[in-house]
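Visitor: I would like to learn how to read helices in a structure. Please show me the one to discuss.

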Amino acid sequence: MFVNPANPKETWRPKYYGSMDLARYFESNVIAPTLRAIDLYSDGMSRLLLGTAIHESHLESRRQKLNHGKLGRARGLFQMEPATHDEIWSIHLRRNPIFADKIKKLLSSPAADKIEELETNDQYAAAMAAAKYQWKHVVCPSTDPKELAEIWKRVYNTSAGKGTTAEFIRDWKRFMGTGAEELSK
């Protein structure tokens with residue numbers, strides 16, 4: 001389910017024929033416009049964010065799911081924890097006010113609760129995931145799933161995280177087929 005940027009309380013699931021169509025829809029209607037709005041668009045960054053969302057939430061879970069049905073702290077399709085979100089704002093975006101202003105423009109309103117927006121505003125969540133990668137000076141010219149997985153593990157999941165590059169690649173293949181070339185068609 002995706003959130004309508006014009007009305008954050010409205011969600012919809014686009015008509016699609018399979019996981020690849022859903023991923024393409026999310027990339028072309030959420031990720032690419034967001035990256036263009038914050039001046040970070042490249043094919044590699046777009047695919048990195050797509051792979052991140054595919055692996056973190058399977059483009060479905062808006063709250064982290066733990067064992068026994070309990071909910072965790074991570075929010076949105078990019079599964080960002082509130083502490084990570086706040087750290088990005090207090091350190092990286094505070095030092096980059098022009099970039100921060102571009103991200104603020106994606107909020108549903110100036111007074112919006114930013115943590116809630118991670119869960120209800122896909123463009124804001126995508127911008128915050130991009131900000132995390134940008135903060136760590138990620139340059140992503142590649143669209144190769146293996147290289148994307150390595151960047152995701154190093155920067156987004158970190159060495160302390162439970163995720164593995166093998167799981168990232170497995171999820172990519174489940175949604176996209178064998179490689180990034182699937183999106184180029």
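Guide: Contact means heavy atoms within 4.5 Å. Helices (H or I, at least four residues) are DSSP runs, numbered from the N terminus. This is a predicted model, where local features need pLDDT of at least 70, side-chain atom pairs count only at pLDDT 80 or more, and totals for chains, interfaces and linings use all residues. Residues are numbered from 1 along each chain as its sequence is written, and side-chain values use heavy atoms, with hydrogens and water left out.

Visitor: Which helices are among those that cover the buried residues of H3?

Guide: Buried means under 20% relative accessible area (1.4 Å probe, protein chains only). In H3, the buried residues are Thr-84, His-85, Ile-88, Trp-89, His-92 and Leu-93. Their cover includes helices H4 (97-104), H5 (114-120) and H6 (122-135). An α-helix has 3.6 residues a turn, so residues three or four places apart point the same way.

Visitor: Where does H3 bend?

Guide: A bend at a residue is the angle between axes fitted to the seven residues ending there and the seven starting there. For H3 there is a bend of about 35 degrees at Trp-89.

Visitor: At what angle do H6 and H7 pack?

Guide: Axes are lines fitted to C-alpha atoms, for helices over the stretch in contact, and angles run from 0 to 180 degrees between N-to-C directions. H6 and H7 (residues 145-157) pack at about 95 degrees, with axes 9 Å apart. H6 is therefore roughly perpendicular (65 to 115 degrees) to H7. Ala-129, Lys-132 and Tyr-133 of H6 make the contact with Ile-151, Trp-152, Val-155 and Tyr-156 of H7.

Terms used:
Helix = DSSP H or I, 4+ residues; strand = E, 2+ residues; numbered from the N terminus. Buried < 20%, exposed > 50% of the residue type's maximum accessible area, 1.4 Å probe, protein only. Parallel < 35°, antiparallel > 145°, perpendicular 65-115°, else oblique.
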